[in-house]
Amino acid sequence: MTRFWTRLVVVLTVLTGLNYIAWRWAASLNWDAWWIALPLVVAETYSLIDVMLFGMTVWKLKIRKGAPQPPHDATVDVFITTYNEDLDMVLTTALAAQKIRHPHSTWILDDGARPELKALAEQHGLGYVTRSADWTKNLPRHAKAGNLNNALMVTHGEFLLILDADQIPEPDILEKTLGYFNNRRVALVQTPQYFSNVPESDPLGSQAPLFYGPIQQGKDGWNAAFFCGSNAILRREALMQLGLVGYVKETEKSIRRALAASRAAIRQARKSADVESPLVSEVLDEVEAATREAQEEVDAGRPLSEVTYRVRRRVDAAVQTLVEADVAALQADLEEIAAMELAHVGESGVPVVADDAVQRMSARDWSPLGALESVQAVLDALTVERSDEAQPVMPLATISVTEDMATAMRMHGMGWESVYHHEILAYGLAPEDIATMLTQRLRWAQGTIQVLLRENPLVQKGLKLGQRLMYFATMWTYLSGFAAVIYFAAPIIYLLLGILPVSSLSWDFFIRFIPFMVVNQLLFAVAGRGIPTWRGQQYSLALFPTWIKACTTAARNVWFGRPLGFAVTPKARQSGGPSWSLIKPQIVVSVLLAVAAVVGIIRLATGLAEPLGTLVNVVWVVFDLVVMSILVRAVLYKGYEPAEEPANREES
Amino acid sequence: MEFSYEVKDSYAEVKADGRLNMVSAPKLREFVTDVIAGGSNRIVVNLEHTAFMDSSGLGALIGCLKAARQAGGDLRIAAVQPQVDMVLKLTSMDKVLTAYPSAEEAFSND
């Protein structure tokens, strides 16, 4: 029944929305003020697409009846990921994890490698994992994804429950979710992330009831429920498959890149090297022939390990010939010297260089070929060892700081299925101050944009159209910062300058705009079934500087390799007074809006502006200010104080 | 690779800074041959700043020894670094070329 009404409102939203936007483009633009008219209509079109993607999401809302009985012999590893969190917090979570009823092993994945935590783990019989020796200093660590990938190599459970250090699980979390894996194609079961340290008013917008509700349930309907990093169960086999496919893809890519570069490298070497030496020239001929052959073999689809092994053997043989020639020349010199004055050579006659010494001198690290750096670089890259990473197989995606979304998308791309189980089975801690909250939101947004730019879901192989659009929908919402700026600018421009981006505020406008707005709000009400969505709407607009910064930094990172300025979200409250400086852009915009409203009213009173336009724009300003007002509460928020049963919780 | 030389009282000191490998070895040979042609037949190759040597480098060194001997002098090496020392020992060239601690000491006994 809910589904019927939801779908009806979706259809109405799309119809009224298209009707409005079509009219806006076709008949309403004020071309005299194109510099604001065009941006505004583009922003409105952006918002309509956003709403349509939301409508598409909830169209297939899937309400699951619970999982079947899980197989008793399913083996599970519970991973608690930590970097620098409070030891008490980690231990509380780990002990709760230990009490999960289905048989399992509990592991603390300590990226901080803290001896105290190791001791605590041993004392309580908990598994403890830190990065292996393979993760040397010069290799990328990949943050949480690296932490999990490392742990996957030393554990062996069929399923993995992943918990952030603050997410205290219920004892029945596995009993309620493992049964979904009876379907052999299911690779992921995600449960909601809920925070126990958030007051009813949720001043920092920590709870995400719309996301961990209709949005995930809708994505579930499209077989596109996301992995959200914590409170999720994953099938190891699927992750490993992902890692292997990624390994092959990366290896082939780097081998092809090396082969493509080899010709230029050899040409360069011929120019720079001791070209007069026929021996060097012969070795280069051999390297060239070997790489050309390798290219043919790679193109023919021969196994990469064979191809690279053959190149290595052929080049090694050539190098050995070179070394032997050097040694032979040296030996001849020695004999001549001996012939000149025997006494100087020593009692045992002319020394002879042993065969194993020749072998050693031919080995990679001492090879004369090392002198030709460009050639050596090509040969070094012609390997299947993936020596630029700590471990060749990286099951969790490392292309983004939100490894969870990237990993889920790759799983879906390989045909795996996912499940969203809509029941709170773990209780976490949300940031308790605006600075931490902003860092966290920035990181999520940056990660999402990284995935969009690196592996755009619209063009990924293997994804169904619905899945593509589900991933794209989430990415699309993070572009809202740019639209917000235009939504703030338009009323300011009208109220200060009297410039209207639409040709006239007439009956034509209201008859199209108002039905769309009404049905749009109705959609959120029906799809949300009474859950509070207003906080989320406020933050999606009010955090516009964060969203814009996320887009620009992620683009710079992906396209120009600049660092993101990445920070781990601190779980403990940041100290200090109210941090107004964090919302400087929003304060400036709010002041501008307020000033514009006052000026607009004065202009109206003095007959410079018309009543209808002023009214519409003042209402718009008031709406914007109400939206923005949440930030005042956020900055003043002093952290969670439990209202009742104060003995129940410990405040750190 | 950078080569330089300085004529001292009883010998000429040749410095070979960098990696003595397939690319730079022929240049060492050429350089030392020039020094010998310039009138010095007692040569010390100071390897203090030679971090690496391969078979070509070793060959060049022996080639230079031969040239020095042919000119009636000698070639000695000094201040050998660990990798070069390993190469010399491995090939038993340490029996031919004694590695002196410093350039000053190389010809101090004669």
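**View 1. Contacts of A:Leu188 in the predicted model.**

**View 2. The largest nonpolar core.** This core holds 113 residues. A:Leu188 is among those that touch the most other members, along with A:Val78, A:Phe79, A:Ile80, A:Ile108, A:Leu161 and A:Leu234. Helix α13 (residues 434–454) of chain A gives the most to this core: nine residues. Domain 1 and domain 2 of chain A both give residues, so the core lies between them. A second, separate core has 73 residues, including A:Val315, A:Val323, B:Val44 and B:Ala78.

**View 3. Domains of chain A.** Domain 1 spans 2–59 + 475–542 + 575–641. Domain 2 takes 76–243 + 393–433, and domain 3 takes 274–371. The C-alpha centres of domain 1 and domain 3 of chain A lie 73 Å apart.

**View 4. A three-stranded sheet in chain A.** The open sheet runs in the order β5-β10-β7, with mixed pairing. In chain A, β7 and β10 (residues 426–428) run parallel and are joined by two bridges. A:Phe195 stands opposite A:Gly428 in β10(A).

**View 5. Contact between chains A and B.** Chain B supplies 20 residues and chain A supplies 27 residues. On the chain B side, helix α2 (residues 55–70) gives the most, with nine residues. That side of chain B comprises nine nonpolar, seven polar and four charged residues.

Notes. Residues are numbered from 1 along each chain as its sequence is written. Chains are lettered from A and ligands numbered from 1 in the order in which they are written. This is a predicted model: local features need pLDDT of at least 70, side-chain atom pairs count only at pLDDT 80 or more; totals for chains, interfaces and linings use all residues. Domain bounds come from an automatic or database domain assignment. Two residues are in contact if their C-beta atoms, placed from the backbone, lie within 7 Å. Helices (H or I, at least four residues) and strands (E, at least two) are DSSP runs, numbered from the N terminus. Ala, Val, Leu, Ile, Met, Phe, Trp, Tyr, Cys and Pro count as nonpolar, Asp, Glu, Lys and Arg as charged, and the others, Gly among them, as polar. Two strands pair if DSSP finds at least two bridges between them. A nonpolar core is a set of buried Ala, Val, Leu, Ile, Met, Phe, Trp, Tyr and Cys residues joined through C-beta atoms within 7 Å. A residue is buried if 20 or more other C-beta atoms lie within 10 Å of its own, exposed if 12 or fewer, and partly exposed in between; C-beta atoms are placed from the backbone.
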